[in-house]
Amino acid sequence: MKASEVIRIIVFSLIGALAMFWLQPLIYRSRWTGFILTDVRLEPWLSNFYMTGATVVFAVSFVCTIIWYVLAAKAQIRDGKDAERWVLIWWVLLFPPVLSICVAIGFFRGTDQALLSLTTFFLINILFLYWLTTATSSPGALKFVPPGAFLVRRLFRD
């Protein structure tokens, strides 16, 4: 385990948490076009529905990222075929965060007006919390397993 990989996981998770729990509610409060909810009172909806759903999506995405990192750090890779098998594991670990969106929207939507914006926000959150974090922080021989990891790691000069 490299310190830089762990630091990236922490930093990207903190940025993701900031976006989910501060920026996105701020966008709803600002009443930008497409984020106006007229059939619910905004503050109770944010505290009772949005925050609960966002917490579910955040927690599941973060846990799957940590599981991926721990499994990848312990992986015994001997050749390219071993690394190819890990692509499936990466995709399987993406399934719970996607499923968490369905749970969050199904149980914590509160209003149909929020359906599109919640789905969009939660998908962006998963891209940031799971994909970007694993693409930049996957250890060793599995560092290029997440889709787009080669390009992302070039940006980080890793």
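**Entry 1: overall fold**

I read the elements from the N terminus on and got α-α-α-α-α. The secondary structure comes to five helices and zero strands. I took helices (H or I, at least four residues) and strands (E, at least two) as DSSP runs, numbered from the N terminus. This is a predicted model, in which local features need pLDDT of at least 70, side-chain atom pairs count only at pLDDT 80 or more, and totals for chains, interfaces and linings use all residues. Residues are numbered from 1 along each chain as its sequence is written, and side-chain values use heavy atoms, with hydrogens and water left out.

I then looked up the dimensions. Along the principal axes, the C-alpha atoms fill a box of roughly 55 × 25 × 20 Å. The protein has 158 residues, and 41% of them count as buried (under 20% relative accessible area; exposed is over 50%, partly exposed in between; 1.4 Å probe, protein chains only).

I also checked contacts, meaning heavy atoms within 4.5 Å. Among those between residues at least 6 apart in sequence, 71% join residues at least 24 apart.

**Entry 2: helix 1 against helix 4**

I looked up how helix 1 (residues 3–30) packs with helix 4 (residues 115–137). The angle is about 170 degrees, and the axes are 9 Å apart. Helix 1 is therefore roughly antiparallel to helix 4 (angles over 145 degrees count as such). The axes are lines fitted to C-alpha atoms over the stretch in contact, and angles run from 0 to 180 degrees between N-to-C directions.

I listed the contact residues. Helix 1 gives, among them, Phe12, Gly16, Met20 and Gln24. Helix 4 gives residues including Phe121, Asn125 and Phe128. The contact divides into eleven nonpolar, eight polar and two charged residues.

**Entry 3: Gln24**

I picked Gln24, which lies in helix 1. Is Gln24 buried or exposed? Gln24 has a relative accessible area of 4%, so I logged it as buried. Its side chain makes a polar contact with the side chain of Tyr50 at 2.6 Å (N or O atoms within 3.5 Å, one able to donate a hydrogen and the other to accept it; residues adjacent in sequence count only if both atoms are side-chain atoms). Leaving aside neighbours within four places in sequence, Gln24 is in contact with Ala19, Tyr50, Phe121 and Asn125.

**Entry 4: Asp82**

I found Asp82 in helix 3 (residues 80–108). Asp82 counts as buried, at 10% relative accessibility. Not counting residues up to four places away in sequence, Asp82 touches Gln76 and Ile77. Ala141 is 59 residues from Asp82 along the chain, and their C-alpha atoms are separated by 9.5 Å.

Key. Parallel < 35°, antiparallel > 145°, perpendicular 65-115°, else oblique. Nonpolar A, V, L, I, M, F, W, Y, C, P; charged D, E, K, R; others polar.
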